[in-house]
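Dear colleague,

Please find below the structure that I am handing over to you. The findings follow directly after it.

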Amino acid sequence: MKRIVMTGGGTSGHVTPNIALFPVLKRLGFEIHYIGTRNGIERGLIEREGIPYHIISAGKLRRYLDMKNVYDAFRVMKGFVEAVSIIRKIKPNVVFSKGGFVSSPVVWAASVNRIPAIIHESDYTPGLANKISMPFAKKICYTFPETKQYIPDDKGILTGIPVRESLLKGSREKGLGICGFIENKPVIVVIGGSQGSKVLNDSIRHNLDFILKKFQVCHICGRGGVDKSLEKVRGYKQFEYINEDLSHIFAMADLVVSRAGATTIFELLALRKPNLLIPLSKKASRGDQILNANSFKKQGFSHVLMEEDLNDESFLNSLYKAYSNRRTMIEAMRSSDISNGIEKIIEVIQWATENR
């Protein structure tokens with residue numbers, strides 16, 4: 001039996017694309033193993049899928065000077081030693097990495113064990129973990145056409161992001177039922193990523209009375225983000241996190257308000273869902289979400305409001321404008337030649353398996 005070790009963690013965006021590949025890999029006869037951290041979000045998501053899960057240490061990779069870097073350097077090296085041992089025990093045919101702090105030691109360990117490693121980069125520019133893993137990878141899959149300039153020519157393959165098959169099979173009726181919404185009033189779905197977004201949460205709640213005059217709101221607000229004082233507000237439904245029912249929630253959405261993580265926005269593209277993106281500020285990130293959002297805006301897939309320009313007035317204006325332009329966004333998405341990345345990535349995995 002062919003074996004594959006997969007890795008990636010820290011946020012759901014580094015995990016759900018891997019999960020999207022599971023059904024096809026199983027049909028092709030792969031035995032799947034996953035390497036992650038003890039307390040990362042990836043553990044619960046992967047164990048729920050019934051995939052063998054192996055734990056290593058991981059340290060945060062920083063682009064700035066900090067005394068924590070010394071401690072975390074030892075954690076990274078410990079993770080590398082642990083990954084080497086796990087890979088020698090499993091003896092996989094190939095390693096597939098989705099990025100995040102846990103992934104680099106796994107890619108390095110694959111190289112030491114002469115196992116071909118494939119990296120997938122979701123964002124417009126490669127993250128630090130993927131940057132330091134690239135020299136040890138056989139192929140690098142990427143998502144945005146513009147990313148090609150950051151990838152070695154002999155390694156890069158434009159694949160797009162794998163989107164879960166289950167996400168494409170949602171029911172609007174079930175979504176409305178889950179939220180207790182009525183049929184004849186449009187629905188906004190707000191999603192701030194796996195960890196939630198205080199900025200999005202506050203923007204919705206500050207303007208909720210105005211928004212509810214025209215829309216119903218399904219608000220996925222992140223762990224600890226539910227406002228209990230609003231639980232009985234008609235037309236407003238809150239969730240900390242949604243997994244199995246997410247397909248139904250997206251199916252009922254007439255407009256999605258979201259951060260601009262690559263996994264989420266490519267899911268919206270696959271689902272042809274008009275959206276308002278509020279990317280994470282460069283003050284709180286390396287600016288990847290801004291680049292992601294601007295790429296989608298340029299292609300006509302999204303309306304974008306920068307966090308620096310966000311206030312109650314600009315938020316409401318952008319919300320209404322995005323909704324009024326929803327058909328234009330849908331047409332642009334339908335005309336796009338960007339497809340679900342599952343097929344192309346599976347081709348790369350099979351190629352690496354056969355050409356070790």
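How exposed is Glu331? Glu331 has a relative accessible area of 43% and is partly exposed; here buried means under 20% relative accessible area, exposed over 50%, and partly exposed in between, with a 1.4 Å probe and protein chains only.

The model is a predicted one, in which local features need pLDDT of at least 70 and side-chain atom pairs count only at pLDDT 80 or more, while totals for chains, interfaces and linings use all residues. Residues are numbered from 1 along each chain as its sequence is written, and side-chain values use heavy atoms, with hydrogens and water left out.

Salt bridges

The side chain of Glu331 forms a salt bridge with that of Arg334, at 3.0 Å from N to O. The term denotes a side-chain nitrogen of Lys or Arg within 4 Å of a carboxyl oxygen of Asp or Glu. Because Glu331 and Arg334 are 3 residues apart in helix 13 (residues 326-335), about one helical turn separates them. Arg334 counts as exposed, at 55% relative accessibility. Helices (H or I, at least four residues) and strands (E, at least two) are DSSP runs, numbered from the N terminus.

Over the whole structure, the search finds 11 salt bridges. One of them joins Arg43 to Glu47, with the closest N and O atoms 3.1 Å apart. These two residues lie 4 residues apart in helix 2, so about one helical turn separates them. Arg43 is partly exposed at 26% relative accessibility, and Glu47 is partly exposed with a relative accessible area of 40%.

A further salt bridge is made by the side chains of Arg172 and Glu183 (3.4 Å, N to O). This pair links distant parts of the chain, 11 residues apart: Arg172 belongs to helix 6, and Glu183 to the loop between helix 6 and strand 8. Glu183 is partly exposed, at 48% relative accessibility.

An open sheet is formed by 6 strands in the order 10-9-8-11-12-13, with parallel pairing; two strands pair if DSSP finds at least two bridges between them. Strand 10 (236-239) and strand 13 (303-304) are the edge strands, each pairing on one side only. Helix 6 (residues 172-179) packs on the sheet and touches strand 8 (187-191), strand 9 (216-220) and strand 10, contact being heavy atoms within 4.5 Å. The direction of helix 6 makes about 90° with that of strand 10. Axes are lines fitted to C-alpha atoms, for helices over the stretch in contact, and angles run from 0 to 180 degrees between N-to-C directions.

Strand 11 (residues 255-258) pairs with strand 12 (residues 275-277) in the parallel sense over 3 bridges. Val257 stands opposite Leu276 in strand 12.

Helix 7 (residues 198-206) lies across strands 8, 9, 10 and 11, and runs at about 155° to strand 9. Its buried residues are Leu200, Asn201, Ser203 and Ile204. Seen down the axis of helix 7, the buried residues fall within an arc of 165° (taken from the directions from the helix axis to the C-beta atoms), so they line one face of the helix. The exposed residues Lys198 and His206 are carried on the face turned away from the buried side.

Helix 1 (residues 16-27) is mostly covered, with 9 of its 12 residues buried. Among the elements covering these buried residues are strand 1 (2-7), strand 2 (30-36) and helix 14 (342-354). Helix 1 is followed by Gly29, whose phi is positive, near 90°.

Yours sincerely
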